[in-house]
Amino acid sequence: MEWTSAITATSMGASVPWPSLAPYDDGVTATDPIAELRSAVNQAARALRDGELTGPEPSLDCPPKPELGDYSSNAAMLLAAPLGEKPHDVAVRLGAELERELGGGESIDRIEVAGPGFVNLFLSDPWYRRAMASLAGAGERLGPTPTDSPERVLVEFVSANPTGPLHVGGGRHAAYGDALTRLLEAAGHEVQREFYVNDAGGQVERFAASIAARMSGGEMPEDGYEGAYVAELAERLGAEGVDPADSDLVGRRGVKLVLEEVRATLDRFGVHFDNWFSERDLYARGEVDAALGRLDRAGHTYKSEGALWLRTTEFGDDKDRVLIRAGGKPTYLAADVAYHWDKLERGFGRLIDVLGADHHGYAPRLRAAIAALGADPDAFEAPIMRLVHIVEGDERAQMSKRSGDFVSLDELIDDIGVDAARWFMLWRSHDTPVDLDLELARRESSDNPVYYVQYAHARIASILRKAGEGAERASADAGALTPGTSLQPTEKALIKRLLEFPDEVREAAARRAPHRVCAYSTTVAADFHAFYRDCQVVGAEGEGVERSRLALCLLTKRTIAGALGLLGISAPERM
RNA sequence: GCCCCCGUAGCUCAGUGGACAGAGCGACGGCCUUCUAAGCCGUGGGUCGCAGGUUCGAAUCCUGCCGGGGGCGCCA
């Protein structure tokens, strides 16, 4: 028996596709209306095959048009081949079985067979009432039930070189990494957020030399840092009495000051790290030597041309990589091997490194290095972030205002605000470039998708204010209400949409895809606005109708706030 | 040359096996004595890069090709 319930099957997502371990009728909570439907479909399908079922799990979808029902399943089409019957005939029998399974007319208005063999379910108002009750029962904490296989996840992101302010690209890393950690936590994982500080090595030396040159009026080093902030740093260090000749001190102070800036910017952006991990400390604690020793003992290193190499080709890389240069200096990879070994030693079962597009070639060798250390390379993931382009109307804005001076995240926040900035960095998949249109992002109108969603939330808040304290009581007994009038199509559509939220969060977490939450929250807002158009809430006619609709408003408000919260975007009470 | 990502509406993009392919922007036309018009409704707009293959069914999976971007350092 290979089937699993959708609840368990999808909970772990991409890396562990179903079939998973649990039998398919486990994990279904009686109060989850979607899980009940799935379970019923599975049971009905199994009944047609005398309990012997293998193969793909039947779907439970929303049909493209309302005339095709509230939910549909492809189960009959999947069963047609093994049963040796026509899909349509199987669908008819399945429909009858399903009707029994769901207790006759209690939940189901009718079942139809359509198209190539879809079984379409038309659900009753009582079913929708119960669905609302189950949502209300979740209280403030909407979203998925925690995964039954939680992981300890370390998400390393931003990790920008501490040699200058964060630019918009770093902002996208920050928004993505932060939203990802929120999603993973919502899915039930234990998450740490970490910023790796590259405070050792060549670029810091060059940075120090650049500051020193500004301080002493000396020669700028080749590939030095030109930005105006370098001059400011030089001034501050001068005021502190730092000797420009003490390059080690200049570097350390410069890095410290830059990191304070970076931290302040991230703070303002709503991104907070649990840990700032210093590369310099890694060396100081001897971890680099220890990691290299471990690789050496495992027989994965060799000397050639005066350098120490790691045999990454044994683990899928396309060429071997240098760990210690001929001159005796360790490479960046050497430190990173030690760093990732440290992560594993700290007990993390999953390591997610959010990398920039320009580092994507780095992932295979890091994966190889992890394997060489004797760890499971599949524990390592590296989502690749594509670039952010700043666009203004039709014009491509200059990425650099002054040579070497990128548009900073602070400037962007000053311009469009934190909510819009986060939204526009998250609403596209991380592996597609973003054109951030300042003109659109600044606009305070429905054209601007972030305000579109926030406005729905504020509108609901306004309705609830108008309704007063009745709104509070409405949520408590939403499902028990049986108004004299039947539910409007837009009410049903909205309820269905809210029911999707847990699956959306699970999927978004499993696929490392916060942009799905943007798309979802937009559709919730759209469904709400349609409901608002069709259905008077306060003062609605009919026994219990007002309270029922107030309850729906409250549930929608919680869902939108929950979705925006996962994105780190505020849900305003008024706009 | 090898590796990775991408190619869907005029633009920017959702959509990793299901029913006539979606959203936002842009264009055009309607709707405010009524719970927020930061809203709603309607119109126009697509050979899902191309060609094969797998499948009852493909934008989605496989192969090849074309086009765009990125990466292939004893830089980080």
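My request concerns Val 158: is this residue buried or exposed, and what is its relative accessible area?

Guide: This is a predicted model. Val 158 has a relative accessible area of 9%, and because buried means under 20%, Val 158 counts as buried. The residue is found in a loop, between strand S4 (152-156) and helix H6 (168-186). Its backbone also deserves attention. Most residues other than glycine have a negative phi. Val 158, however, has a positive phi, near 65°.

Glu 305 is not a glycine either, and its phi is positive, about 55°. Glu 305 also lies in a loop, between strand S7 (301-304) and strand S8 (307-310). Its relative accessibility is 71%, and because exposed means over 50%, Glu 305 counts as exposed. Thus Val 158 is buried, whereas Glu 305 is exposed.

Within H14, the buried residues are Leu 409, Leu 412, Ile 413 and Ile 416. Seen down the axis of H14, these buried residues fall within an arc of 100°, so they line one face of the helix. The general rule behind such a pattern is that an α-helix has 3.6 residues a turn, so residues three or four places apart point the same way.

Asn 448 is found between helix H16 (438-442) and helix H17 (449-467). Leaving aside residues up to four places away in sequence, Asn 448 touches Phe 424, Leu 440, Ala 441, Arg 442 and Arg 443.

Packing between helices can be seen in helix H5 (residues 125-137) and helix H22 (residues 545-567). Their axes are 10 Å apart and meet at an angle of about 50°, which makes H5 oblique to H22. The contact involves Arg 129, Met 132, Leu 135 and Ala 136 of H5, together with Ser 548, Ala 551, Leu 552, Leu 555 and Arg 558 of H22. H5 passes H22 in a left-handed crossing.

Finally, an open sheet of 3 strands has the order S1-S3-S2, with antiparallel pairing. Strand S1 (71-73) and strand S2 (108-114) are the edge strands, each pairing on one side only. S1 pairs with strand S3 (residues 118-123) over 3 bridges, and Tyr 71 stands opposite Leu 121 in S3.

Terms used: Residues numbered from 1 in each chain as written. Chains lettered and ligands numbered in written order. Predicted model: local features only at pLDDT ≥ 70, side-chain atom pairs only at ≥ 80, totals over all residues. Heavy atoms only, no water. Helix = DSSP H or I, 4+ residues; strand = E, 2+ residues; numbered from the N terminus. Contact = heavy atoms within 4.5 Å. Buried < 20%, exposed > 50% of the residue type's maximum accessible area, 1.4 Å probe, protein only. Arc of directions from axis to C-beta. Pairing = 2+ DSSP bridges. Axes fitted to C-alpha atoms, helices over the stretch in contact; angles between N-to-C directions. Parallel < 35°, antiparallel > 145°, perpendicular 65-115°, else oblique. Left-handed = near helix turned anticlockwise from the far one by under 90°.
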